[in-house]
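Reader: Hi! I'd like to walk through the pockets and cavities of this one with you. Could we take it piece by piece?

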Amino acid sequence: MIKLFQDATLTEIEEAMQRAYAAFLIYRRTTAKQKAGFIRAVADEIEALGEPLIEVAMRETHLPAARLTGERGRTCFQLRNIADVVAEGSWVEATIDTALPERLPLPKPDIRNMLVPIGPVVVFGASNFPFAYSTAGVDPAAAWSAGCSVVVKAHPAHPETSEMVAEAIKKAIAKTGMPEGLFEHIHGASFEIGKALVLHPKTAAVGFTGSFAGGKALFDLAAQRPVPIPVFAEMGSTNPVFLLPDALEKEAEKYAKMYAGSITGGMGQFCTKPGLLIGVESQGLDTFISVLAAEIRSILPAPMLHSGIAKAFRTKRAEVLGQEKVVVEAETSQKYGEEEGIPSVASVTAAQFVAITALHQEVFGPFSLVIKCKDAAEMQEVIGHLEGQLTCTVIGTEKDLAQAADLLFSVSLICGRLILNGVPTGVEVGAAMQHGGPFPASTDGRFGSVGPHAMKRFVRPLAFQNFPMPLLPDELKDGNPLGIWRMVNGNWEK
Ligand code: NAP
């Protein structure tokens with residue numbers, strides 16, 4: 001394969017980080033309206049790239065045009081949505097405790113607090129979302145919104161797509177008069193480049209979307225720096241689905257068909273793909289498995305994102321299928337090639353699942369494992385052995401849910417998003433969405449990487465004590481010149 005873009009040298013990385021830091025110092029002092037204007041301009045410039053962008057992304061990722069067009073729309077919506085929140089301004093959480101000079105035994109000072117940006121953010125995107133979790137994806141959008149500059153390490157699985165989007169961002173910078181280093185683009189298919197970016201003294205935080213191995217490696221690296229920095233890594237998840245008995249008895253067929261689509265859509269290459277399906281042994285569960293198996297057999301194999309992902313899928317699937325008492329329930333009836341995903345589903349008893357941790361891992365691709373429990377108590381035991389998840393789903397009728405309080409409470413402890421009677425794939429972009437979860441779904445389950453709250457990862461609170469009005473940021477001045485929501489002496493005011 002011809003290498004289109006050379007790996008960045010250490011000198012180039014040094015220069016990029018210095019430019020990003022210089023730009024941060026300027027951008028930090030621009031108004032919220034200017035920041036929002038720049039972020040909206042990025043969306044406009046990406047749209048202006050038109051069909052050639054989709055064609056390049058199709059060639060690099062094997063994803064179909066409709067999916068990529070939808071993802072580009074989502075990415076531009078994401079940028080504009082976060083720009084609106086920045087322009088409105090209340091997100092800085094301005095908090096004011098006014099002075100009480102007469103207080104005894106000591107006078108109370110005037111203290112005013114707001115969120116401020118932390119500095120240059122290094123971003124690593126994932127291969128499965130070449131727009132939405134890549135060069136102008138959610139992490140850059142969140143960092144710019146917060147007031148930070150961004151250094152993106154282009155994903156080596158879609159470097160040309162990344163380069164086109166980078167050019168669009170540079171145009172938006174020029175058109176809105178922003179400092180050049182507000183966005184830096186680094187190519188490189190070597191871990192050394194990622195390492196150098198994370199270790200650079202000017203890097204203030206890292207946004208990562210990708211595998212557990214990658215995210216954890218970068219997290220550990222950042223923690224060992226002389227000045228440790230946060231790494232917000234959004235990683236893999238098995239997204240367990242709990243199939244309750246009455247729903248299985250009444251609607252096994254409907255849910256089996258729904259789940260065949262969710263497991264294999266996009267060749268299962270979603271972080272929210274349902275990887276574990278858990279039910280109590282019954283006629284209903286048998287029907288669910290046999291309908292699911294029939295559906296899976298009819299699904300055609302298709303090329304995966306790149307050969308690395310295809311290889312990892314084969315290895316991890318084989319690791320699961322190689323465990324004792326794991327039964328292959330179905331696999332696509334069509335012939336498949338080396339680089340293609342193999343739609344497949346297997347099953348195992350809950351006792352085996354609990355005993356073998358190799359079965360708990362994410363198999364990234366069109367594969368899911370059904371776990372057969374003896375009874376409700378064993379289902380609870382399975383939950384006790386699950387790690388942190390992006391999502392958990394419960395499928396149940398009213399009758400099921402009337403008895404499911406303990407189960408719902410247990411699953412709420414291990415996930416970021418709890419879904420009822422639906423599928424976990426498909427992540428709505430909005431303020432109420434939570435896309436993140438307890439470790440190892442992400443390195444910091446207090447935050448998420450979808451929607452405007454994602455910017456909270458790249459800020460810190462700064463308190464001003466006894467400051468005269470002219471020296472305070474507008475957000476904290478008396479009279480509320482920006483008209484934002486603020487907490488003043490314990491009360492919300494606008
Ligand atoms: P990946 O292999 O981890 O790659 C992500 C990025 O990190 C790439 O730029 C990669 O560079 C870099 N990287 C990985 N390991 C590294 C290391 N040890 N040191 C330095 N850099 C490193 O992930 P992917 O295959 O692109 O994406 C698939 C995975 O992403 C799946 O597990 C999926 O569940 C997860 N994902 C999660 C979310 C979420 O929101 N939680 C969303 C989408 C995808 P190189 O290619 O040069 O190694």
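Author: Happy to. One thing before we start: this is a predicted model. Let's begin with the second largest pocket, where β2 makes the largest share of the lining, with 4 residues.

Reader: How much space lies in that second largest pocket?

Author: About 700 Å³. Its lining counts 31 residues, and those nearest its centre are Thr30, Thr31, Ala32, Met114 and Glu475. Two or more lining residues come from each of α2 (32-48), α4 (65-88), β2 (111-117), α5 (138-146) and β15 (459-465).

Reader: And how do the residues of that lining divide into nonpolar, polar and charged?

Author: For the second largest pocket there are 18 nonpolar, 5 polar and 8 charged residues.

Reader: OK, now the largest pocket. What volume does it have?

Author: The largest pocket comes to about 1500 Å³. It is lined by 50 residues, and Phe208, Gly210, Ser211, Phe212 and Gly214 are the closest to its centre.

Reader: Which element gives the largest share of that lining?

Author: That's α8, which brings 6 residues to the lining of the largest pocket. The elements that supply at least two residues each are α7 (191-199), β6 (205-209), α8 (212-223), α11 (307-321) and β13 (389-395). By residue type, this lining has 22 nonpolar, 21 polar and 7 charged members.

Reader: Let's switch to the ligand. Which pocket is the space it takes?

Author: The ligand takes the space of the largest pocket. In the shell around the ligand, β6 and α8 are the elements that give two or more residues. The most comes from α8, with 3 residues.

Reader: How many residues surround the ligand, and which are the closest?

Author: There are 28 around it, and the closest are His155, Phe191, Ser211, Glu362 and His435. That shell divides into 15 nonpolar, 10 polar and 3 charged residues.

Reader: My kind of question next: what lies 2.7 Å from an oxygen atom of the ligand?

Author: A polar side-chain atom of His155 does. Gly210 also has a backbone N or O atom 3.3 Å from an oxygen atom of the ligand.

Reader: Nice. Changing topic: how many cavities of 30 Å³ or more does a search of the whole structure find?

Author: The search finds 3. The largest cavity has a volume of about 80 Å³.

Reader: What lines the largest cavity?

Author: Its lining is made of Ser237, Thr238, Lys273, Gly275, Leu276, Val320, Leu359, Gln361, Glu362, Val363, Phe367 and Leu369. They split into 6 nonpolar, 4 polar and 2 charged residues.

Reader: Last topic, the backbone. Is the peptide bond from Leu104 to Pro105 cis or trans?

Author: It's cis, with omega near 5°. Pro105 sits in the loop between β1 (95-97) and β2.

Reader: What joins Phe439 and Pro440?

Author: A cis peptide bond, with omega of about 5°. Pro440 belongs to the loop between β14 (415-420) and β15.

How values were computed. Residues are numbered from 1 along each chain as its sequence is written. This is a predicted model: local features need pLDDT of at least 70, side-chain atom pairs count only at pLDDT 80 or more; totals for chains, interfaces and linings use all residues. Side-chain values use heavy atoms; hydrogens and water are left out. On a 1 Å grid over the protein atoms alone, a cavity is a set of points where a 1.4 Å probe fits but cannot get out, and a pocket is an open set with protein on both sides within 12 Å along at least five of seven lines; lining residues have an atom within 4 Å of a point. Grid points are joined across faces, edges and corners, and a volume is the space filled by probe spheres set on the points. Ala, Val, Leu, Ile, Met, Phe, Trp, Tyr, Cys and Pro count as nonpolar, Asp, Glu, Lys and Arg as charged, and the others, Gly among them, as polar. A residue is near a molecule or strand if one of its heavy atoms lies within 4 Å of it. A polar contact is a pair of N or O atoms within 3.5 Å; within protein, one must be able to donate a hydrogen and the other to accept it, and residues adjacent in sequence count only if both atoms are side-chain atoms. A molecule sits in a cavity or pocket if more than half of its atoms lie within 2 Å of its grid points.
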